[in-house]
Amino acid sequence: FGGSGSAYGILLSSSFGNRIVNNSIKFSDRGIQLSTNTVNNTFLENIIYNSIETGIDLSSSTSDNNTFQNNKIELSGKRGYRINGKNNLIFGGIINSSGEDAILLSGSNRNNIFINITLTNTNKSFYDINFSSAGINGTYLIDMPHIGNYSFTGAGGIVYFKNSQYG
């Protein structure tokens, strides 16, 4: 893989158990798109640069149980990550210079875990993390270095925050 100048750098639909590793994706509408029934995939050390919309987009409520580790998203026109799925792990990496929200949780998302993701230079009119739906139960933010601006929508969602330095 390694798309440049297309609608999708990488598009997975109804896909299971893939390892997407060390790709460089430049100038696409969406760097990596996970669509319907895309589960148990691993995305490791990919670089997504200058996507028009979203760096990594889990667009379907059935984009579940995926792992994203040490991916770098630079200069997204809109979002770094959009998560509309369950039980995903996003670990490490950088989201730099998002035109809108660095991380957007929308739709049917819950039990997603975010660990040690560096968020820098997010557009000041938007959020480092935007919880745009109330269905966020079981979301964990662990060892996040800096979350400067965030928003919660709705009532009753449970989010857990943990700093491992303190137990």
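Which residue of β17 stands opposite Ile-115? In this predicted model, the residue facing Ile-115 is Ile-142 of β17. The two strands concerned are β14, covering residues 113–115, and β17, covering residues 139–142, and they pair in the parallel sense over three bridges. Strand β17 is also joined to strand β19 (residues 159–162), through four bridges and again in a parallel arrangement. Within this second pairing, Tyr-140 has Tyr-160 of β19 as its bridge partner.

Parallel pairing also characterises an open sheet of five strands, arranged in the order β3-β6-β9-β12-β15. The edge positions are taken by β3 (24–26) and β15 (118–120); each has a single partner strand, so one side of each is left without a neighbour in the sheet. On average, and with direction ignored, neighbouring strands of this sheet are turned by 5° against each other. Inside the sheet, β6 (residues 47–49) and β9 (residues 72–74) are paired by three bridges in the parallel sense. Ile-47 stands opposite Lys-72 of β9 in this arrangement.

Strand β9 also contains Glu-74. This residue counts as buried because its relative accessibility is 16%, below the limit of 20% used for that class. When neighbours within four places in sequence are set aside, the contacts of Glu-74 are Ile-48, Tyr-49, Asn-50 and Asn-96. With Asn-96, a polar contact is formed between the two side chains at 2.8 Å. By contrast, the C-alpha atoms of Glu-74 and Thr-153 are separated by 26 Å, the two residues being 79 residues apart along the chain.

Charged side chains were examined next. Side chains of opposite charge can pair when their charged atoms come close. A search of the whole structure finds seven salt bridges. One of the pairs is formed by Glu-53 and Arg-30, with 3.0 Å between the closest N and O atoms. Because Glu-53 lies in the loop between β6 and β7 (54–58), whereas Arg-30 belongs to strand β4 (residues 30–34), this pair ties together parts that are 23 residues apart in sequence. Glu-53 is partly exposed, with a relative accessible area of 22%, while Arg-30 counts as buried at 19% relative accessibility.

Arg-30 also meets Asp-57 in a salt bridge, at an N to O distance of 2.9 Å. Here the partners lie in strand β7 (Asp-57) and strand β4 (Arg-30), so that parts 27 residues apart in sequence are tied together. Asp-57 is buried, its relative accessible area being 0%.

A further salt bridge connects Arg-79 with Glu-100, whose closest N and O atoms are 3.9 Å apart. This pair links distant parts of the chain, 21 residues apart: Arg-79 is located in strand β10 (residues 79–83), and Glu-100 in the loop between β12 (94–96) and β13 (103–105). Arg-79 counts as buried at 11% relative accessibility, whereas Glu-100 counts as partly exposed at 22%.

The pairs described above belong to a network of salt bridges in which Arg-30, Glu-53, Asp-57, Arg-79, Arg-82 and Glu-100 are linked.

Notes
Residues are numbered from 1 along each chain as its sequence is written. This is a predicted model: local features need pLDDT of at least 70, side-chain atom pairs count only at pLDDT 80 or more; totals for chains, interfaces and linings use all residues. Side-chain values use heavy atoms; hydrogens and water are left out. Two strands pair if DSSP finds at least two bridges between them. Axes are lines fitted to C-alpha atoms, for helices over the stretch in contact, and angles run from 0 to 180 degrees between N-to-C directions. Buried means under 20% relative accessible area, exposed over 50%, partly exposed in between (1.4 Å probe, protein chains only). Contact means heavy atoms within 4.5 Å. A polar contact is a pair of N or O atoms within 3.5 Å; within protein, one must be able to donate a hydrogen and the other to accept it, and residues adjacent in sequence count only if both atoms are side-chain atoms. A salt bridge is a side-chain nitrogen of Lys or Arg within 4 Å of a carboxyl oxygen of Asp or Glu.
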